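This report describes how the elements of one protein model pack together and where open space is left between them. The sequence and structure are shown first.

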Amino acid sequence: MTLAPVLRRVPLFAELSETEIARLSDIARDRSYPKNSVILFEDDPGDALYVVVTGLVKVVLIGEDGREVILSVLKDGDFFGEMSLIDDQPRSAHVIAMEDSSFLVLRREDFQHRLREAPSIALGMLRALSRRLREADEKIGGLVLLDVNGRVAKLLLSMADENDGVHITRRVTHHTIAQMVGSSRETVSRTMRDLADRGFIEVTRKAITIRNRSALQTAAGR
């Protein structure tokens with residue numbers, strides 16, 4: 001794997017010079033995990049930053065009864081593990097591969113050394129953390145203020161916006177959607193059928209298509 005071009009695609013490192021990217025690629029290591037494997041366990045020591053190169057991962061909390069709550073789903077160019085690099089605290093959640101995935105890994109000591117050399121990385125991280133705080137605020141607001149129909153509508157709009165605003169090509173099951181919106185698979189399945197019957201969305205084996213964005217936005221409280 002040629003690491004420099006991969007690092008260049010990561011928003012966190014977008015403002016680095018070619019020299020800085022080359023220095024960063026010298027300390028990065030590639031690692032792969034198969035589908036359904038646990039990449040990080042909650043309460044593990046936080047000793048590295050992970051950048052998703054290919055694949056899809058979920059950041060989850062797992063209750064004592066085994067129930068999962070998905071905090072976020074990360075794709076190519078996203079990163080995780082940064083909180084523990086900053087505050088030296090254990091991992092705050094599990095990270096699990098949703099499909100075969102590959103990563104670049106930057107160890108704590110190496111990353112902090114590069115951080116001191118390239119302040120623009122710190123600015124990029126602050127922007128990323130700010131964005132995640134906003135997303136967390138929106139998610140908490142949705143859980144409090146919206147019913148399941150509204151939460152599903154909001155999630156579908158968000159996933160469509162990751163692409164072209166219309167098509168959701170990422171494969172997510174009703175079970176996964178339920179874990180992301182804090183509901184049951186059965187309720188999500190009924191909601192998806194209702195949205196399709198009302199012409200808000202179209203569901204095929206390959207994609208979910210937004211057919212009536214304004215109506216879906218109204219359902220999502222936008």
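## Helix 7 and helix 8

The axes of helix 7 and helix 8 (residues 185-197) cross at roughly 105° and come within 8 Å; helix 7 is therefore roughly perpendicular to helix 8, a term used for angles of 65 to 115 degrees. Axes are lines fitted to C-alpha atoms, for helices over the stretch in contact, and angles run from 0 to 180 degrees between N-to-C directions. Helices (H or I, at least four residues) and strands (E, at least two) are DSSP runs, numbered from the N terminus.

On the helix 7 side, His174, His175, Ile177, Ala178 and Val181 meet Arg185, Val188, Ser189 and Met192 in helix 8, where contact means heavy atoms within 4.5 Å. By class, the contact of helix 7 with helix 8 has five nonpolar, three polar and one charged residues. Ala, Val, Leu, Ile, Met, Phe, Trp, Tyr, Cys and Pro count as nonpolar, Asp, Glu, Lys and Arg as charged, and the others, Gly among them, as polar.

The model is predicted: local features need pLDDT of at least 70 and side-chain atom pairs count only at pLDDT 80 or more, while totals for chains, interfaces and linings use all residues. Residues are numbered from 1 along each chain as its sequence is written, and side-chain values use heavy atoms, with hydrogens and water left out.

## Helix 6 and helix 8

Helix 8 also packs with helix 6, at an angle of about 70° and with the axes 10 Å apart. Helix 6 and helix 8 are therefore roughly perpendicular to each other. Val148, Asn149, Val152 and Leu156 of helix 6 make the contact with Thr187, Val188, Thr191, Met192, Asp194 and Leu195 of helix 8. These residues divide into six nonpolar, three polar and one charged.

Four strands, in the order 2-7-4-5, form an open sheet with antiparallel pairing; two strands pair if DSSP finds at least two bridges between them. Strand 2 (38-40) and strand 5 (68-74) are the edge strands, each pairing on one side only. From one strand to the next, the twist averages 35°.

Strand 4 (residues 57-62) and strand 7 (residues 94-97) run antiparallel and are joined by four bridges. Val59 has Val95 in strand 7 as its bridge partner. Helix 7 (residues 174-181) packs on the sheet, touching strand 4 and strand 5, and its direction makes about 100° with that of strand 5.

## Pockets

The largest pocket holds about 1,500 Å³ of space. On a 1 Å grid over the protein atoms alone, a pocket is an open set of points where a 1.4 Å probe fits, with protein on both sides within 12 Å along at least five of seven lines; lining residues have an atom within 4 Å of a point. A volume is the space filled by probe spheres set on the points, which are joined across faces, edges and corners. Of the 43 lining residues, Leu71, Ser72, Arg132, Glu135 and Ala136 lie nearest the centre of the largest pocket. Strand 5, helix 3 (82-87), helix 5 (119-145), helix 6 (148-161) and helix 7 each give two or more residues to this lining, and the largest share, 11 residues, comes from helix 5. By class, the lining has 20 nonpolar, seven polar and 16 charged residues.

The second largest pocket holds about 450 Å³. Its lining comprises 25 residues, of which Arg170, Arg171, Val172, Thr173 and Thr176 are the closest to its centre. Helix 7 gives the most to this lining, with four residues.

Note on methods:
Parallel < 35°, antiparallel > 145°, perpendicular 65-115°, else oblique.
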